[in-house]
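This report looks at ring packing and at a chain-to-chain interface. The structure is shown first, and the description follows.

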Amino acid sequence: MAGAPLLSLRGLTRRFGGLTAVDGIDLDLGQGELVSIIGPNGAGKTTLFNLVTGLDRPDEGEVRLDGKDITGLAPEKLAGIGIARTFQLGRVFGNLSVMDNVLIGAHARLRAVKPAVPLIGPLLELGLALLRPSSVKAEEEGLREEVRRILARFGERLLPRIDQPAYSLSYANRRRVEIARALALKPRLLLLDEPTAGMNPTETAEMQALIAELKAAGLTILLIEHKLDMVMRLSDRVMVMDEGKKIAEGAGEEVRRDPNVIEAYLGHGLSQAAHDEPEEVA
Amino acid sequence: MSSWLDYTINGLIVGNVYALVAVGLALIFGVSRLINFAQGSIYLVGAYIGWVAVVQLQTPLLVTIVLVATAAAVVGLIIERFGLRPLQNSVRIAPLLATIGISFVLDQLVMLTFSPNPRALPSQLPDIRFQVGQGTIGPLDILIAAVGTGSALLLFVFLRYTKLGWAVRATAQDRDAAMQMGVDVNRVNQAVFGIAAALGGVSGMLVGMYYNQIDTAMSLQATLKGVVAEVVGGAGNVPGAVVGSMLLGLVESYGVAVFGTSYRNLFAFLLLILVLVLRPNGLFASARQAPPEPLTGTFIAPSRPVRIPPWALVITAGLFALLPLFPVSDYLLQTLINAWLLGMLALSLTLVAGTVGQVSLGHAALLAIGAYTSALLSLNFSLPVGLAIICGGLMTAALGTLLISPSFRLRGHYVSIATLAIGEIVSLVILNWESVTHGPIGVSGIPPLSLFGYELVSAASVYWFSFAVMVLLALLQVRLLTSHLGRSFRAIRDDDVAARAYGLSLNRYKSLAFIFGGFAAGVSGGIAAHLYSYINHETFNTQQSILALTIVILGGLGNVAGAIVGAVALVGLPEAFRIAAEYRILIYGIVLLLLVRFRPQGLLGTI
């Protein structure tokens with residue numbers, strides 16, 4: 001990786017009672033890199049995402065973005081500095097239309113309607129929302145245009161349903177709305193938590209193509225994914241977690257042959273047998 | 001010194017009583033993540049069944065206790081079976097609204113059966129006092145302590161050593177896993193509601209004996225106190241609820257010792273707000289809990305709102321505007337003026353409860369703030385009435401938002417409890433702050449409505465004025481909802497975790513909603529004050545909060561036109577059918593229950 005990392009995690013630890021869900025994780029993510037996190041269920045991958053995006057606070061360790069300490073900042077602040085994420089089980093706003101869902105993604109970028117004035121800023125926002133001067137209208141119109149462009153990336157999946165409430169969408173389409181919402185933030189760092197969970201092979205291939213496109217456009221991505229095939233194709237590097245710890249990190253093939261990884265996936269005792277046929281792991 | 005011991009004993013005894021209510025709430029919360037707002041009503045039912053047993057049937061004490069426990073348990077089972085079980089797969093707001101509706105129906109039924117006048121409930125125990133150290137203790141104190149401790153022990157044995165008890169604990173830990181392991185969750189719910197109701201009923205009877213008085217106002221107080229104790233101990237935490245109850249009993253008792261009786265409730269609610277702000281998971285919860293799992297389903301019922309063409313709205317508004325020109329009775333105009341005032345309150349509530357998902361149960365407090373501000377400004381500072389009403393609205397926006405802000409970090413049921421408590425606090429402050437509010441005497445001689453120096457004397461002029469203000473507020477609200485704030489509010493309601501992850505500060509946007517909604521409610525209260533010319537601390541009460549909530553559900557949560565349609569329907573129809581006042585709350589409660597069950601999206605649909 002070239003230059004200073006965009007995201008850097010040092011000794012990140014989170015305990016829930018007796019369980020250490022995330023245990024001293026170190027990770028660097030360079031500008032434009034795509035790193036995947038894999039590991040068995042309960043390895044602490046999503047908890048790690050929560051620590052990076054401010055939904056949960058680490059007990060120890062620090063998170064830096066561009067060298068700036070952002071450990072424990074509130075999620076709304078982190079959205080403001082360009083961190084966007086999707087959620088494992090999908091969290092769209094069910095009663096909002098597709099358009100409104102994605103517009104919420106652009107919320108942190110609103111400027112005209114959210115003047116950065118201390119104390120009375122919120123009141124000005126209320127006033128501007130009611131009066132709607134031309135600058136506010138223009139900003140809103142611009143964002144709507146942008147949302148249509150983002151939705152167009154998903155072909156005919158979302159555009160025809162732009163005014164439908166999200167609860168009426170198929171599961172796969174809800175996942176797409178989540179990704180569209182994340183893109184509307186114009187993120188510097190995008191965290192995708194199992195974007196293809198529950199998708200069929202065609203849909204998975206589409207999603208994989210989209211992620212490859214985003215990567216090619218220079219977006220820095222941290223990806224949690226169980227479909228190893230996709231992980232191997234997309235990732236610059238792979239980090240493997242088990243029981244909260246990082247057990248391996250490196251290029252895809254390297255990690256895939258790592259005996260620790262095989263053991264974590266197949267359990268103790270079986271690892272030797274599996275070692276003879278590492279292809280089975282994938 | 002002796003009095004301190006007395007206050008401590010008193011605090012612990014009262015704490016025991018609260019514990020009986022709070023333990024039930026904790027059990028129910030544990031298995032169904034629901035705060036049962038009807039718990040106080042069961043307590044009330046218990047007290048009145050106790051009265052029937054003691055005074056009319058003259059049963060001996062032990063029989064009385066068994067009778068009350070059994071009857072209350074039956075009520076609990078009925079609530080579970082017919083009120084809540086049908087809502088199991090319903091939206092999250094449904095069971096909350098259902099228990100609120102049930103509590104009002106039960107309270108009203110008791111009131112209609114026994115009349116609202118207080119009754120004496122003799123204790124059946126000899127009236128002697130034993131010297132303990134330097135304080136005294138009576139047989140009733142001992143009975144209450146024994147029942148409290150005894151039930152706690154029985155409950156412990158039940159949860160620890162019986163199969164059903166295990167099932168209850170398993171369900172509390174992980175409902176889905178318990179179901180997969182073959183636990184009959186319905187039976188668990190039944191058991192829990194039965195136990196909770198039996199404890200609550202006995203508690204009501206003991207309190208009645210302790211104060212030798214029962215009345216129908218006990219219900220709301222008991223719910224509030226039980227919930228305070230439960231939240232202090234950590235929701236769903238049974239031993240925590242017991243400790244929280246003792247703490248609450250002591251805080252109140254010492255508070256009364258220092259400041260006097262009229263402050264008793266104030267301490268309870270301040271304790272609640274303090275705990276909610278500082279330790280929202282209760283005093284005994286582990287330091288930090290795992291972040292909540294993604295929520296499935298939506299908070300309000302998804303629906304496609306009924307689209308009313310704009311011309312239809314314009315024509316309807318035009319017809320209502322022209323109504324006073326036709327030969328209609330002043331009575332009809334008066335009724336509609338009431339509907340417009342309630343419409344403004346409903347606009348406010350549909351914004352905060354429907355659009356932002358903060359189900360406020362203390363909304364009448366906002367009316368009171370607006371009314372008192374406007375009345376006092378025009379009386380003491382001779383401010384023109386129009387200006388005073390606007391000041392009332394602004395003051396309500398500011399003060400209301402400030403008061404409710406501790407609840408902004410809370411979710412679902414907690415918001416309702418906090419707002420209920422805040423509503424009580426406002427009413428208690430009005431009652432006790434005599435130098436400004438004239439305390440219980442109230443404010444009289446409030447100048448009548450006037451605009452630019454012209455008094456609005458005729459019913460028609462008041463009608464036009466209130467109608468115009470309501471339409472203006474409604475139009476503003478529609479404009480607000482079509483702005484970026486509309487989608488932001490609704491996003492916070494649907495999923496506050498995802499909303500925060502996309503840069504929406506909950507404090508900021510909930511505040512904005514309460515500022516806007518507070519203004520509308522404050523203006524409504526202000527107009528009402530000048531219309532009534534006399535207000536006191538009871539003018540704006542919980543009944544109005546519940547009426548507003550029913551209106552909002554009837555119209556469709558978040559639906560602006562629905563709020564107004566709901567107001568006309570719920571104010572107008574009882575008038576049209578000449579339903580006596582005492583039956584109205586009962587009807588509102590039943591309407592609320594039927595709506596939640598059969599048409600959760602309301603008449604015009606949620607937005």
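## Aromatic rings in chain B

Phe114(B) is buried, with a relative accessible area of 17%, where buried stands for under 20% relative accessible area with a 1.4 Å probe and protein chains only. Trp51(B) and Phe114(B) form an edge-to-face pair, 6.0 Å centre to centre with 85 degrees between the planes; rings of Phe, Tyr and Trp (its six-membered ring) pair if their centres lie within 6.5 Å, and edge-to-face applies to planes over 60 degrees apart. Because Trp51(B) lies in helix H2 of chain B and Phe114(B) in helix H4 of chain B, this pair ties together parts that are 63 residues apart in sequence, helices being DSSP runs (H or I) of at least four residues, numbered from the N terminus. Trp51(B) is buried as well, at a relative accessible area of 10%.

## Basis of the model

This is a predicted model, in which local features need pLDDT of at least 70 and side-chain atom pairs count only at pLDDT 80 or more, whereas totals for chains, interfaces and linings use all residues. Side-chain values use heavy atoms, without hydrogens and water, residues are numbered from 1 along each chain as its sequence is written, and chains are lettered from A and ligands numbered from 1 in the order in which they are written.

## Interface of chains A and B

The contact (heavy atoms within 4.5 Å) takes 49 residues from chain A and 42 residues from chain B. Across this interface there are five salt bridges, each a side-chain nitrogen of Lys or Arg within 4 Å of a carboxyl oxygen of Asp or Glu; one of them joins Arg490(B) and Asp100(A) at 3.9 Å, N to O.

Notes: Buried < 20%, exposed > 50% of the residue type's maximum accessible area, 1.4 Å probe, protein only. Phe/Tyr/Trp six-rings, centres within 6.5 Å; stacked < 30°, edge-to-face > 60°. Helix = DSSP H or I, 4+ residues; strand = E, 2+ residues; numbered from the N terminus.
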